[in-house]
Amino acid sequence: MGSFAPHDAVSPTILTVPGLGGSGASHWQTLWERSRLDTVRVELGMWDTPHRNSWVTKLDEAIRQAQAPVILVAHSLGCIAVAWWAELAPQPYGWPVAGALLVAPADVDRADAPRELAGFAPVPHGPLPFPSILVSSTDDPWVAPARAHSMAAEWGSHHVEIGAQGHINAASGLGAWHEGQELLDRVIDASRDGRGHARPPGDARAMLTRTLGVEQRLVQG
């Protein structure tokens, strides 16, 4: 995986990164892809029998073809794939991936994790080279609240816990998940300074954490 060359584009491409089994017709990722002109799915393939290196390679190809800047919107095992991409394809801070929304990361390190997830263990511990928000649920069967918190801390992500919403998927009944799109917009705002340049990490972090209204609605809803 080679180096990246920045350019002056300021309108990001949103790449969705589903997890095990992909995201079905009523999943919020799919609904975003249908309703947002800036959003497209990364076709990782092998949805039911995922392979870490294959997924990371496909993600790397999609990022390169998207013409940066890129915002990643990952769910479940897709979050772990993003972390592995950051580990295996180092980039300058904020380029070509300018930010990420990481939703319900699957804990592949659990002793009872499905065998399909074993090849993604261990979860990378290094900080992500872009601003990010990690969203978790208090009753997610794939990751315990404390584990989600530790992932966010290790990756340098702003952590948003939204109450009991299961795996934050189609079964959670979120529909197009408008509050999630507001969190995505916050990531986009935090990633660039309006002139096509990445915000310094401290400035980006301040923008990610400054607004509590969305998080309060997520928990109350």
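**View 1. Helix H1 and what covers it.** In this predicted model, helix H1 runs over residues 28–35, and its buried residues are Trp28, Gln29, Thr30, Trp32 and Glu33.

**View 2. Helix H5, end to end.** H5 takes in residues 178–191, so 14 residues at 1.5 Å a residue should span 20 Å. The C-alpha atoms at its ends are 20 Å apart, which agrees with that. Buried along H5 are Gly180, Gln181, Leu183, Leu184, Arg186, Val187, Ile188, Ala190 and Ser191.

**View 3. The largest nonpolar core.** How many residues make up the largest nonpolar core? There are 40, and Leu59, Leu72, Trp85 and Trp155 have the most contacts inside it. At least two residues of this core come from each of strand E1 (13–17), helix H2 (52–65), strand E3 (70–75), helix H3 (77–88), strand E4 (97–103) and helix H4 (145–155). H3 gives the largest share, with 9 residues. Another core, of 24 residues, lies apart from this one, and it counts Ala98, Val103, Trp177 and Leu183 among its members.

**View 4. H2 packed on H3.** A pair of packed helices is described by the angle between their axes and the distance between those axes. For H2 and H3 the angle is about 75° and the axes are 9 Å apart. That angle makes H2 roughly perpendicular to H3. On the H2 side, the residues in the contact are Arg52, Trp55, Val56, Leu59, Asp60 and Ile63. They meet Leu77, Gly78, Ala81, Val82, Trp84, Trp85 and Leu88 of H3. Sorted by type, the residues of this contact come out as 10 nonpolar, 1 polar and 2 charged.

**View 5. Aspartate 60 in H2.** Zoom in on H2 and you'll find aspartate 60. Is aspartate 60 buried or exposed? At 5% relative accessibility, aspartate 60 counts as buried. Aspartate 60 is also one of the H2 residues that meet H3. For a distance across the model, take aspartate 60 and serine 11: they are 49 residues apart along the chain, and their C-alpha atoms are separated by 19 Å.

**View 6. Methionine 151 in H4.** Helix H4 holds methionine 151, which counts as buried because its relative accessibility is 0%. What does methionine 151 touch, once its neighbours within four places in sequence are left aside? The contacts are with Pro105, Ala106, Asp107, Val123, Leu134 and Val143. Alanine 118 is 33 residues from methionine 151 in sequence, and the two are 17 Å apart in space, C-alpha to C-alpha.

**View 7. Glycine 21 and its partners.** Glycine 21 sits in the loop between E1 and H1. With a relative accessibility of 42%, glycine 21 counts as partly exposed. Leaving out neighbours within four places in sequence, the contacts of glycine 21 are with Trp47 and Asp48. Glycine 21 and tryptophan 47 are 26 residues apart in sequence, yet 4.6 Å apart in space, C-alpha to C-alpha.

View 8. Most residues other than glycine have a negative phi, and most peptide bonds are trans. Methionine 46 isn't a glycine, but has a positive phi of about 50°. Methionine 46 belongs to the loop between E2 and H2, and is partly exposed at a relative accessible area of 41%. Alanine 104, again not a glycine, also has a positive phi of about 50°. Look for alanine 104 in the loop between E4 and E5. With a relative accessible area of 0%, alanine 104 is buried.

View 9. Where is proline 96? Proline 96 is in the loop between H3 and E4. Proline 122 lies in the loop between E4 and strand E5 (132–136). Here the peptide bond from alanine 121 to proline 122 is cis, with omega near -5°.

Technical notes:
Residues numbered from 1 in each chain as written. Predicted model: local features only at pLDDT ≥ 70, side-chain atom pairs only at ≥ 80, totals over all residues. Heavy atoms only, no water. Core = buried A, V, L, I, M, F, W, Y, C linked by side-chain atoms within 4.5 Å. Buried < 20%, exposed > 50% of the residue type's maximum accessible area, 1.4 Å probe, protein only. Helix = DSSP H or I, 4+ residues; strand = E, 2+ residues; numbered from the N terminus. Axes fitted to C-alpha atoms, helices over the stretch in contact; angles between N-to-C directions. Parallel < 35°, antiparallel > 145°, perpendicular 65-115°, else oblique. Contact = heavy atoms within 4.5 Å. Nonpolar A, V, L, I, M, F, W, Y, C, P; charged D, E, K, R; others polar. Expected span 1.5 Å × (residues − 1).
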